[in-house]
Amino acid sequence: MAEPAPTPKPESLMDKIYGHHASASSSDSDDDKKKSKHDVVKPKVEDDKPSTHDSVKSKIFRLFGREKPVHKVLGGGKPADVLLWRNKKISASVLGGATVLWVFFELLEYHLITLVCHLLILSLAVFFLWSNASTFINKSPPQIPKVQLSERTVLDLASALRIELNRAFHILRDIASGRDLKTFLGVIAVLWIVSVVGKWFNFLTLFYITFVLLHTLPVIYEKYDVQIDAFSEKALIEFKKQYAVFDAKVFSKIPKGPLKEKKKD
């Protein structure tokens, strides 16, 4: 006669509690391992991104070493918008007005004082006749705007001019002190070029050419900055090579030690 199968021992309450805690702890440990792996991998990815971005950014050559867009380099605001032709009507009107003035003074040989006096005569005559004739033609007299400069505006303008003049004097002092030979040679070359160009044109024409260049070169550079930066990088490398040769042949042979010894004696 077969023996009856042993009946399963009923699971006690303590066994259920311990079993639940064991399964929960094992699942928690698995989740923690997954999270830790994920956390370890994620910082690596995040750390790799800025490093590659910085390395690529450092390899890109920018003209004059700029790191900001052209609009911010020009100071931003409305002047930069005019120079970069953000509003074509305003930029065209400004350039057209400068062209008209240049034609008046240069081609028609009009003098500034004569032009200002004629404009004032015409304006005063029109407003005077309009004000007196308004009673006869049953129209309201002209509303002449009241123009008055505030004290704050004049002080701000004088302060800005003072800051720029002090900055220019500081730059000239640093150049004349002989601390940076490259800057000294660059300034001398620019001044010599300006002096040569000044023989070809008078001050008004030179100012007009500069004004036109300010309204054309920034737009061209903003549009073709990649090509211009690449060409400028090649030109700068070639200039450094030629300067190194010139420095080795000329500047390195200039005696410096004996002069210092004489000054000490």
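Colleague: What share of the 265 residues in the protein is buried?
Modeller: Buried residues make up 10% of them, where buried means under 20% relative accessible area with a 1.4 Å probe, protein chains only. This is a predicted model, in which local features need pLDDT of at least 70, side-chain atom pairs count only at pLDDT 80 or more, and totals for chains, interfaces and linings use all residues. Residues are numbered from 1 along each chain as its sequence is written, and side-chain values use heavy atoms, without hydrogens and water.

Colleague: Why is phenylalanine 201 called partly exposed?
Modeller: Its relative accessible area is 35%. Partly exposed lies between under 20% (buried) and over 50% (exposed), so the term applies to phenylalanine 201. The residue sits in the loop between helix 7 (181-200) and helix 8.

Colleague: What makes the nonpolar surface patch?
Modeller: Trp200, Phe201, Ile209, Leu213, Leu217, Ile220 and Tyr224 form it, with about 690 Å². Helix 8 (203-214) and helix 9 (217-223) each give two or more residues to this patch.

Colleague: Which elements have the lowest and the highest mean pLDDT?
Modeller: Helix 1 (residues 13-59) has the lowest, 46, and helix 4 (residues 88-107) the highest, 92; pLDDT is the predictor's confidence in each residue, from 0 to 100. Over residues 31-57 the pLDDT is below 50, and this stretch has 0 contacts (heavy atoms within 4.5 Å) beyond near neighbours in sequence. Where pLDDT is low, the predicted coordinates should not be read in detail.

Technical notes
Patches are made of residues with over 30% relative accessible area and no salt bridge: like charges are joined within 9 Å, nonpolar side chains (Val, Leu, Ile, Met, Phe, Trp, Tyr) within 5 Å. Accessible areas come from the Shrake-Rupley method with a 1.4 Å probe; for residues, only the protein chains shown count as cover. A salt bridge is a side-chain nitrogen of Lys or Arg within 4 Å of a carboxyl oxygen of Asp or Glu. Helices (H or I, at least four residues) and strands (E, at least two) are DSSP runs, numbered from the N terminus.
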